[in-house]
Amino acid sequence: MKSNRHFRDLYVCDNLPVLRSLPDNTIDLIYLDPPFNSKKEYSAPIATKAEGQKFDDTWKWDSLNTRWLGEIDRKNGGLSYLIHTARVIQGDGTAAYLTMMGIRLLEMQRVLKPTGSIHLHCDDTASAYLKVSMDAVFGHENFKNEIIWHRTTAHNNVKKFRRVTDTILFYTKTSKYTWNPETISMPLSSKQLKEKYTQKDSSRGLYRSENLIGRGFSKGESGKPWRGFDPTKNHRHWSIPLTGTYAKWIEENIIPNYRKMKSLHERLDALYNADMIILPEKGKRIWPGLKRYAASDIGIRPQNLILDPIGFTNFNKKGRVKGDEYTGWATQKPLELIRPLIKVSSNPGDLVLDPFCGCATACVAAEMEQRQWIGIDLCEEAETITKYRLDESVSTDLEATTNGVKINVIKQEPKPYIPIE
């Protein structure tokens, strides 16, 4: 999608025609919080910002499902087989739900960039089926995580374990995807850093020594001797930072163009000349070691268990510390749940899509993180609540007006995208 404009597009219509109108390889990140097949009817409380919002999360098989399933069968046999199986095991309702989701997941996979990823929010009602659906569409090899979110403080389930968690299924389109763990990592305390990095030099502070060799021998350059040390004799090879966060830190702080050096031995020499390699002393070590500095530590990396922020419960309504953003939207998620997902899986300026945007939490989060966005929702109240939340939550210079953030609202279903042959 080649355009000089900044995307802030809200479609108030069915998301399938919108998805089909988008060109291939357009979107950097998809976050979706679709219906869960909960077999419940939801409505926003009176006197809340979302008053009037309703939807019925109950699914029935009809002629549209039959048509969609025929299309799925032609495009993805594995997904079609899953839906037929679900129909046998759980009946028409689950099959209708999976058909609705499946036809849209196929479009999401198409519009996602090769470097893109998708985070699908669900609960245990259909998470097992959705996981296999995404395996079929995105490839099981592109499954990265099942993220568990502690969403509530209490639920009155008398005869079973109380349900307090949701699931976010994290997939990528390819093995080369955007991943910025340092943006949401939790920094270590000064005490933790001193315990982890026990040595110190005068110029760069705390560090620890790491191995420069790995197991297994190599016939290539990594197996050749360097400064009298021959790793091949011990069935080992040289293993030095090249593509990770430490290599990036070395290049940005100590050795310019480090990652562009083509020769492994050239990088070893550069590290040695920069006083980053520790040569063995008699009786202390056999092989040279690499200095890893505390200054490069990005902290505790993202984990697949999210305990905070908690969701909007009876103990956490508007006006309380974590509930100031609450609008009354039936399935509203906190901004601080979505913002880290956007930061870790996209870059500033990237395009984020939420095809079930509801009260626009993902759109607002994208705006706050300087991303472009496209939101889609069937509910007419989506326009009002999106404008309200952007004005309330976002401070930005990009296209700001006296009436708040300017968004493009489209209520007509777009024409299907037809690629040029």
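Biologist: How many helices and strands does the chain come to?
Modeller: The chain has 11 helices and 19 strands, taken as DSSP runs (H or I, at least four residues, for helices; E, at least two, for strands). This is a predicted model, with local features needing pLDDT of at least 70, side-chain atom pairs counting only at pLDDT 80 or more, and totals for chains, interfaces and linings using all residues. Residues are numbered from 1 along each chain, and side-chain values use heavy atoms, with hydrogens and water left out.

Biologist: What share of the residues is buried?
Modeller: Buried residues make up 49% of the 421 in the chain, where buried means under 20% relative accessible area with a 1.4 Å probe, protein chains only.

Biologist: Switching to helices, at what angle do α9 and α10 pack?
Modeller: About 55°, with the axes of α9 (residues 335-345) and α10 (residues 361-368) 9 Å apart.

Biologist: Which residues make the contact?
Modeller: From α9 it's L335, I338, R339 and I342, and from α10 it's T361, A362, V364, A365, A366 and M368; contact means heavy atoms within 4.5 Å.

Biologist: OK, S127 now. Where is its place, and is S127 buried or exposed?
Modeller: S127 is in helix α5 (residues 127-138), and S127 is buried, at 12% relative accessible area.

Biologist: What does S127 touch?
Modeller: C122 and L169, leaving aside residues up to four places away in sequence. As for E146, S127 is 19 residues from it in sequence and 9.9 Å away, C-alpha to C-alpha.

Methods
Axes fitted to C-alpha atoms, helices over the stretch in contact; angles between N-to-C directions. Buried < 20%, exposed > 50% of the residue type's maximum accessible area, 1.4 Å probe, protein only.
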